[in-house]
Amino acid sequence: MPARYRASPDALATRVGDEIVLVHTRTDQIFALNRTGARVWELLCGELDHAEIERRLAEEYDVSRDELGAQVSELITSLAEGDLIGVLGGGP
Amino acid sequence: MSATSPVPPLVPLLDVVAEGPGIEEVLTWGDASDEVWRDAAGGVFAYCRSRDGRHQMELPGVAKFCFDGDGRVTAVPRPGIAAQSVVDAYRHSALPLVLQAIGKEVLHASAVVINSGVVAFCGHSGGGKSTIAYGLHLRRYRIWADDAVVFEVSARAVTTMPLPFNVRLRPAAAVQFGLGAVETRLPGKQDRGADEAWRSAPIAAVCVLDRGNQGSVPAACRPLPAVQAYPALLTHAYCFSLENRARKRLMLERYLSLVARVPVFALTYPDSLEALPSVLDAVERTLGCTG
């Protein structure tokens, strides 16, 4: 089963215009997601897996699937390293 | 309840007593969980501690305070400190921390009222908050707060409630305004009353003060992106203690809501009182305000 994600209970998120500002309440680190990143965050919080997120984004943005896949992977890795998301289940 | 009901009392009553039962014996500082707040010069500003819903605080050399959110604060002055000095210290220094401890959020800021709400000017002590607020007051804007702006976040708005205050101007600023070369206190809101002029009001904007070291820095007021505004505001947030994780999280959530809903600006200006008119011009121009 592909991995699905959820927001960390230590993460706070708020939308400011097109962006989402994330705060980790234990490390006090602050992150800003641009418009596309904010959309990925919303989809992640909707418990979609990587492939479904890519598919949705491909419908919404005029970007190649390869480029999308790389960007989504990079963002998920960054969010996981920041302990802002956790894996709900499934593989990597 | 009518639509014109006053704002419920926000400020806990202060009892200044010679001895506080249960205060002297417990107020020894040094536990790892005690919060020690320091001023910009590194001196201890306040010691704070919360245990089982009871909060204790010491302003070194002034008084010890004890409260639990029941609407009263007990203060025990240090030897030789007059009761009136304790009352002054309570209003100016202790009250913002007390309010934060009992569930409000408080910015270290002065504020004025413009047509769309309250504009808060937050900054470090001596950074020009009161001077700018008083300068705007002379341009017909009512002063809302001096040194502490309490706010709350609801589903609809971010609002601020009036606190008692006096405007405190440092000697150099007092001279600039023709008030004499001494620290000057001018009366603002004085009591717990809640007349029409002192009802809660929306926060229209927050300006984070950034006084430059060089006189050549022009006065400017520019919008701050949320990711910069958030830590900038937290720098000027009164906080009783970070020990309680749930309370800390709530505080962070509220400040996130503040930057999401209220425009935040960086107000940069030269380190010279002669530049004050240009600073006030920049504020008025940016906020498009009228008093």
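The model is predicted: local features need pLDDT of at least 70, side-chain atom pairs count only at pLDDT 80 or more, and totals for chains, interfaces and linings use all residues. Residues are numbered from 1 along each chain as its sequence is written, chains are lettered from A and ligands numbered from 1 in the order in which they are written, and side-chain values use heavy atoms, with hydrogens and water left out.

**Chain B overall**
- Chain B has 6 helices and 18 strands, where helices (H or I, at least four residues) and strands (E, at least two) are DSSP runs numbered from the N terminus.
- Of its 291 residues, 49% count as buried, that is, under 20% relative accessible area with a 1.4 Å probe and protein chains only; exposed means over 50%, and partly exposed lies in between.

**Helix α1 of chain B**
- Helix α1 (residues 83-101) of chain B spans only 23 Å between its end C-alpha atoms, while a straight helix of 19 residues would span 27 Å; the expected span is 1.5 Å times one less than the number of residues.
- α1(B) bends by about 60° at B:Ala94, and B:Pro96 follows within four residues; the bend is the angle between axes fitted to the seven residues ending there and the seven starting there.
- B:Ala94 and B:Pro96 are among the buried residues of α1(B), as is B:Tyr90.

**Strands around β6 of chain B**
- Strand β1 (residues 13-16) of chain B runs parallel to strand β6 (residues 72-77) of chain B, joined by 4 bridges; two strands pair if DSSP finds at least two bridges between them.
- B:Arg72 in β6(B) is the bridge partner of B:Leu13.
- Strand β5 (residues 63-67) of chain B is antiparallel to β6(B), with 5 bridges, and B:Ala63 has B:Pro77 as its partner.
- β5(B) and β6(B) form a hairpin with 4 residues between them, and B:Gly69 in the turn has a positive phi of about 85°.

**Sheet of chain A**
- An open, antiparallel sheet of 3 strands has the order β2-β3-β4 in chain A.
- Its edge strands are β2 (11-16) and β4 (30-33) of chain A.
- β2(A) pairs with strand β3 (residues 19-24) of chain A over 6 bridges, and A:Leu12 is partnered by A:Val23.
- Helix α4 (residues 226-235) of chain B packs on the sheet, touching β2, β3 and β4 of chain A; contact means heavy atoms within 4.5 Å.

Notes:
Axes are lines fitted to C-alpha atoms, for helices over the stretch in contact, and angles run from 0 to 180 degrees between N-to-C directions.
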